[in-house]
Amino acid sequence: MIKYTVGVVVAVSLLAGIFADELPVTQQCLGCICEAISGCNTTNTCLGDVCGPFRITWAYWSDAGKPTIGGESPDAPAAYSHCAGDTYCAALCVQGYMNKFQQDCNGDGKIDCDDFAAIHTLGGYGCRGALPEPYGERYRQCKTIVGGAQ
């Protein structure tokens, strides 16, 4: 599973070079969110109302600014599922969502990966609660492995 996380980190590092000033979530943190939410399963497209390795909903994608792949119109019927199922576009979606909703969810005086992990799974308006399990346990394990995920 961690090998998929490394793949996400590599894909996102390409993003970092292009949009470095606009990306609130570190590469390591994105990898841990992906690992915690889906085991970074890049082969699974949509299950119910969530899609892709970050398990993104349509509303999440919309709040993130409706990023798309290859110039596809955000109004195209499959634009959401195409983006959410693509690791690069999905990571950009997470960055957009965090740009919009970043806040100190745990009250420790800083906005960091712990806050982004909470926002990702609990939402931009409900991040002050406890992380649901097994997401929380997987997130903490990954964070330990990658050195804090910052």
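1. In this predicted model, Cys-83 and Cys-89 form a disulfide with their sulfur atoms 2.1 Å apart. The torsion about this S-S bond is about -95°, so the link is left-handed. Cys-83 is buried at 0% relative accessibility, and Cys-89 is buried at 1%.

2. Cys-93 has Cys-83 as its closest cysteine by sulfur position, but the distance of 5.2 Å is too far for a bond, because a disulfide requires sulfur atoms within 2.5 Å. Cys-93 is buried, with a relative accessible area of 1%.

3. The disulfide count comes to 6. With bonded cysteines counted along the chain, the pattern is 1-10, 2-12, 3-4, 5-6, 7-8, 9-11.

4. Cys-46 and Cys-51 are also bonded, at a sulfur separation of 1.9 Å. This link is right-handed, with 100° about the S-S bond. Cys-46 is partly exposed at 33% relative accessibility, whereas Cys-51 is buried at 2%.

5. The disulfide of Cys-29 and Cys-113 has its sulfur atoms 2.0 Å apart and is right-handed, with 90° about the S-S bond. It links distant parts of the chain: Cys-29 lies in helix α2 (residues 27–38) and Cys-113 in helix α6, 84 residues apart. Cys-29 is buried at 0%, and Cys-113 is buried at 1%.

6. Helix α6 (residues 113–122) and helix α7 (residues 135–146) have axes that come within 12 Å and cross at roughly 150°, which means that α6 is roughly antiparallel to α7. The crossing of α6 and α7 is right-handed. Cys-113 is one of the α6 residues in the contact, and Tyr-135, Tyr-139 and Lys-143 contribute from α7. The contact residues divide into 4 nonpolar, 2 polar and 2 charged.

Notes:
Residues numbered from 1 in each chain as written. Predicted model: local features only at pLDDT ≥ 70, side-chain atom pairs only at ≥ 80, totals over all residues. Heavy atoms only, no water. Axes fitted to C-alpha atoms, helices over the stretch in contact; angles between N-to-C directions. Helix = DSSP H or I, 4+ residues; strand = E, 2+ residues; numbered from the N terminus. Parallel < 35°, antiparallel > 145°, perpendicular 65-115°, else oblique. Left-handed = near helix turned anticlockwise from the far one by under 90°. Contact = heavy atoms within 4.5 Å. Nonpolar A, V, L, I, M, F, W, Y, C, P; charged D, E, K, R; others polar. Buried < 20%, exposed > 50% of the residue type's maximum accessible area, 1.4 Å probe, protein only.
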